[in-house]
Each structure stands twice: as C-alpha cells, then as structure tokens.
Amino acid sequence: MEVEYDDSGWQGRAKPQNNAEELHEDNPQKTIQECLVKFLTPDYIMEPGIFTQLKRYFQSGGSPEEVISMLSENYKAVAQMANLLAEWLILAGVKVTEVQAMVENHLKEMILKSFDPKKADTIFTEEGETPDWLTEMIDHYTWRSLIYRLAEEYPDCLMLNFTIKLISDAGFQSEITSISTAAQQIEVFSRVLKTSIFKFLNNPDDVHGAIQECARMVCHGQHTYVYSQVLIQVLSQELKGGFNMKRLSQEIIKYALTNNQNVTPITMALNGSAVYPTACQALTSMLTRNTLNPADITVLFRNYSASDPPPIDLIRNPQFLELLVDALFRPGVKVNPEHKSKYVFLLAYASSVIDQPAKKRPLTERTLIKEELKSTIQAIERAHTICNVHQGSTELIAELQSLYNCIKYPVVGVGVIRWIENVVMEPSYFKLSTDSCPTHLAVLDEVAAVHPTLQQQILFLLIRLFESKQDELEILVQLEMKKMILDRMVNLLTRGCVVPVLRYIKQCCAIEDTDISLIRYFVTEVLETITHPYSPEFVQLFLPMVENEEITGTMRGEGDNDPVSEFIVHCKAHYTTV
C-alpha cells in the first residue's frame with residue numbers, strides 16, 4: 001500500500017498525541033489545570049494553538065471569566081509593541097525596507113537562540129496538517145534562509161526536514177547550499193544535484209567554481225557520493241554531452257582525494273575493472289597508497305601492450321594521471337631509467353588512444369585508434385628530457401623551439417605547467433632572474449595560446465605568484481615583478497580567458513590589499529589591447545574599474561579623446577549598466 005510522504009511523516013505522528021489527549025479528557029479537572037498552565041504564559045493568546053486549548057478547556061467545564069482574566073492579565077503585547085515602534089521609526093524618516101530588515105534580523109536572532117526542535121515537531125501534532133503560516137513563510141527569502149540555518153543545526157528535526165521538502169517542492173532548491181540539509185532527503189538532494197549539474201553545463205565562464213560547488217555537495221558523505229557518481233556514470237554514457245559528465249565525475253574524484261577521502265574502491269567498482277583483475281589489482285594498489293611503484297607499473301604496461309588490452313578508462317583515472325605527470329615532470333623526482341619508458345607509454349596511451357565500441361558488432365568488440373600514440377610518446381620523452389636537464393632560463397632558450405613543438409600535445413602542456421610551477425615557486429627564483437619576462441613564464445604564454453582548456457590552470461599559478469611574498473626583493477623590484485605577472489594575465493585575457501581574469505582583478509580592488517598602481521597598470525594594458533564590441537559581462541566587470549577616479553583619474557584628458565573616456569562613453573551609449 002502506497003502512503004504519501006506527508007501522511008506518513010506528520011499525520012501519522014499525530015495519533016499518539018491525540019490518544020494521550022483523549023485520556024486526559026476523562027479527567028476534566030486535570031485538563032483544566034493543563035490549560036490554565038498554558039494560559040499563564042505571556043502572550044499565549046497569540047499562540048497558534050489557542051483555539052484548540054480553549055475548546056478543551058470549555059469542554060471540560062472551565063470558567064469563561066477565569067480564562068478571560070488570565071489571558072488578559074498575561075497579555076504583554078510584544079508583537080504589537082514591535083509594530084508600534086516600527087511605525088514610529090518610519091515616521092522618524094527611516095526607510096521601510098531598513099525597518100523591515102531590522103525587525104526580521106532581530107526575530108531571526110531570537111529564534112536561533114530559543115529554537116526547540118521537540119516543540120517544533122509538536123506543531124504538526126497540534127495542527128494535524130501543514131499550517132498556513134508555514135506555507136506563507138517559505139514564500140519569503142528571509143525566512144527560508146532561517147530554515148536553512150536551523151536545519152543545518154538540527155538535522156534530526158522532522159518539522160525542519162519537512163519544511164525543507166516544501167521549499168524544494170516550491171522550486172527554491174538552488175538556494176539550498178547546505179549539503180547536510182539537502183542530504184537528509186533523497187528528493188531534495190536529487191533536485192539540488194540536478195541544479196548543480198545544470199549550472200556546471202551552462203556556466204562556461206566559471207567552470208571551476210561550478211565544479212567545486214558540485215563536488216563539495218557530492219562528497220558530503222558516502223551515500224551522497226555513491227548515489228551521485230552512479231547517476232553521473234549513467235549520464236556519461238549518453239552520446240550527446242556524455243564527455244562533459246565524464247569530466248565532472250573525474251573532477252569530483254580529484255576533489256575527494258584532495259580532501260583525503262578514500263574513494264578508490266567506489267571508483268574501481270563503477271569503472272567495470274573487475275573483469276580485468278590483474279590490471280585492477282595493480283592500479284588499486286597504487287591508488288590506495290597514492291604512489292607509483294615499478295612492479296605495478298610493469299603489470300599495467302604488459303596489460304596495455306597486449307593485443308586485447310583492458311578499457312582505456314581504467315587508466316584515465318585523475319589520481320593515476322597526476323602521479324604519472326608528477327613522476328615525469330616534477331623536478332627532483334627520480335624515475336628508474338629501466339622503467340621510464342613504461343611510465344611514458346602509459347601516460348601517452350591514456351592521453352592519445354581512442355577506445356570506442358565498434359558499430360554493429362557485439363559490445364565486447366571495440367576499435368582502438370592508436371595513430372597518435374607513437375608521436376605522443378616521442379613528445380613526452382623529449383619534453384621530459386628538456387625539463388630535467390635544462391632547468392635554467394639561459395639553458396632553456398636553446399631548446400625553446402623543440403619544447404614548443406612538444407607542447408602542441410595537450411598532455412605535454414599539462415606536464416610543462418607542472419614543471420614550471422615547481423621551478424618558479426622556489427623562493428629564490430625571482431631573486432636570481434634578471435629577465436623582464438623569465439623564460440619559464442614565456443613558455444606559459446605558449447601553452448595558453450595552444451591549449452585554451454589549460455588557461456584556468458595557468459591563471460591559478462599566476463595568482464599564486466602574484467600573491468606570493470617576495471620579501472627578499474626590493475619594493476620597486478617587487479612591483480616590476482607583479483607588473484610582469486599582470487602582463488601574463490592580460491595575455492590570458494587576449495587568448496579568451498576574459499571573465500576569470502577580470503573577476504580576480506575585481507576581487508583585488510574589493511579587498512583593497514593590492515597597490516593601486518598595479519590595478520592602474522592592468523587597466524591601462526587592457527584598454528590598449530581591447531576594442532568593441534564588448535560582451536555585457538565584460539562591461540559589467542571592467543567598467544567599474546575604468547570609472548573609478550582613484551584608478552584612472554590621472555589617465556584622463558580634458559576632452560573625451562583619451563582611452564578611458566572613450567571606453568566609458570561607448571559603454572554608456574551601447575550597454576545597460578547596473
């Protein structure tokens with residue numbers, strides 16, 4: 001027999017309380033005493049259950065004069081006094097919105113201090129159904145936000161969980177940012193997960209942020225992780241957009257590993273590796289310990305060198321690929337020369353071979369396209385040699401053309417970023433560098449030009465450099481270094497990484513911890529680089545910086561012929577600004 005959630009969750013819980021009340025009705029004197037205790041409560045006449053208690057009191061033979069006297073004597077008119085004070089504030093000139101926010105915020109604080117989940121659950125036992133005032137509450141964001149906070153603090157409160165479901169049913173699931181709140185009910189979690197995936201698919205300018213938000217929710221617990229990954233795994237099989245879901249799944253795995261969550265057994269269970277026990281055991285061993293070892297690498301090499309290798313998805317594991325890239329491109333990591341070719345082969349195989357089911361054949365048969373495998377192996381080997389032998393800027397210049405040829409392969413681009421990151425983050429790097437633009441950072445410009453998908457990764461590295469403490473350098477040298485990094489960001493902007501770069505610079509302006517001359521330098525460089533037409537989002541992010549007198553005041557002329565004035569005039573004429 002199917003039972004609706006509301007009935008089983010709330011009306012079903014009301015029966016025990018009703019039975020208890022029926023027992024009390026057999027003793028009218030006891031019922032009267034119970035009611036009188038409640039009537040003595042300050043402002044009880046304002047309580048939602050007043051009519052129910054009055055009915056019980058009169059049915060048990062209570063005195064009307066007594067109840068009228070008690071209710072009136074204990075009427076403090078707190079709510080009415082609050083309304084009166086609010087009216088006085090408005091008459092005194094305070095804005096209505098400010099007064100409303102003042103009252104609401106105070107109410108929220110009082111509720112947070114005095115909330116009792118057990119008493120909250122009795123609301124439904126007394127009402128017998130969803131109270132009208134609760135339905136009205138969830139129409140207002142202020143009270144929905146209060147419910148979210150309370151639900152996070154009291155996850156076992158049935159009234160709050162039911163209210164969260166009402167909020168989700170009303171279409172506000174995108175507001176439920178508390179994972180612990182959403183994870184209480186599968187219906188609510190499913191809606192929030194759907195909204196998060198939709199945001200990931202439809203927000204190309206902030207993919208990293210969307211991924212982080214989705215991954216944080218999925219990795220809340222084992223049950224949310226398994227449920228979400230199974231769902232995403234099914235979606236990844238779709239021909240249209242399946243690759244996006246596969247990427248999302250891998251990014252979630254990376255997020256889990258970053259937070260020291262051992263998801264390897266779940267990952268291996270979902271990727272179908274049980275059919276290949278030897279390869280599965282070797283890979284699981286390395287992933288569990290988060291380190292590579294020659295014995296397991298040799299096992300995988302033999303499996304993937306065979307005529308019928310395991311599915312390529314098995315070694316397209318983010319953690320495994322990170323370990324391979326580290327082994328080959330991180331300075332200071334020593335790889336046994338006898339096994340280096342096996343490391344290179346597996347990395348090249350995972351990044352270049354196309355493994356697809358053959359059409360109109362049994363599902364067990366598939367086609368392996370290895371056209372780029374040999375050239376990818378050669379590129380990785382050559383780049384590995386350059387990065388491990390020529391680490392100085394002067395030595396690197398002679399190998400630049402060869403390195404640029406290797407960078408054309410995406411996997412080499414990833415490895416080169418990893419190598420440069422470790423080199424330039426050394427505290428003494430800029431102290432020893434005398435170039436206006438160090439060679440290593442010039443190589444980053446090339447990677448950004450060839451591989452747009454790696455631009456966000458490059459931006460994160462540039463941000464780390466920009467915010468790094470270079471106390472050993474003189475103040476003027478530090479400013480020149482930061483200007484050089486801003487030049488790299490402007491280069492990223494010209495390559496298409498526009499919104500992420502502008503958002504970071506806007507954040508620097510908001511926090512006010514960046515020298516204003518650096519912001520002015522960035523704005524000047526961008527104005528000299530860009531031309532209309534502009535996207536609305538670009539104008540929204542960049543125009544406030546250009547209009548800021550503190551930033552561009554010294555850059556303006558008497559007329560409207562300077563770049564600053566021309567940009568402002570053009571934007572005001574062609575765009576609606578907020």
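Predicted model: local features only at pLDDT ≥ 70, side-chain atom pairs only at ≥ 80, totals over all residues.
Visitor: What makes up the protein as a whole?
Guide: Happy to start there! The protein has 33 helices and two strands. Of its 578 residues, 42% are buried.

Visitor: Why is Glu467 called partly exposed?
Guide: Glu467 has a relative accessibility of 48%. Buried means under 20% and exposed means over 50%, with partly exposed in between, so Glu467 at 48% counts as partly exposed. You will find Glu467 in helix H27, which covers residues 455–467.

Visitor: Which residues form the negative surface patch with Glu467?
Guide: Glu512, Asp513 and Glu550 form the patch together with Glu467. Asp and Glu count as negative, so the patch is called negative.

Visitor: How do you know that Leu91 is exposed?
Guide: The relative accessible area of Leu91 is 74%. Exposed means over 50%, so Leu91 at 74% is exposed. Leu91 sits in helix H5, residues 78–91.

Visitor: What makes the surface patch with Leu91 nonpolar?
Guide: Its members are Met81, Leu84, Leu85, Trp88 and Leu91, and the patch spans about 540 Å². Leu, Met and Trp are among the side chains taken as nonpolar, so this patch is called nonpolar.

Definitions and conventions
Residues numbered from 1 in each chain as written. Heavy atoms only, no water. Patch = residues over 30% accessible without salt bridge, like charges linked within 9 Å, V, L, I, M, F, W, Y side chains within 5 Å. Areas by Shrake-Rupley, 256 points an atom, 1.4 Å probe, with all protein chains shown as cover. Salt bridge = Lys/Arg side-chain N within 4 Å of Asp/Glu carboxyl O. Charge placed at Lys NZ, Arg CZ, Asp CG, Glu CD. Helix = DSSP H or I, 4+ residues; strand = E, 2+ residues; numbered from the N terminus. Buried < 20%, exposed > 50% of the residue type's maximum accessible area, 1.4 Å probe, protein only.
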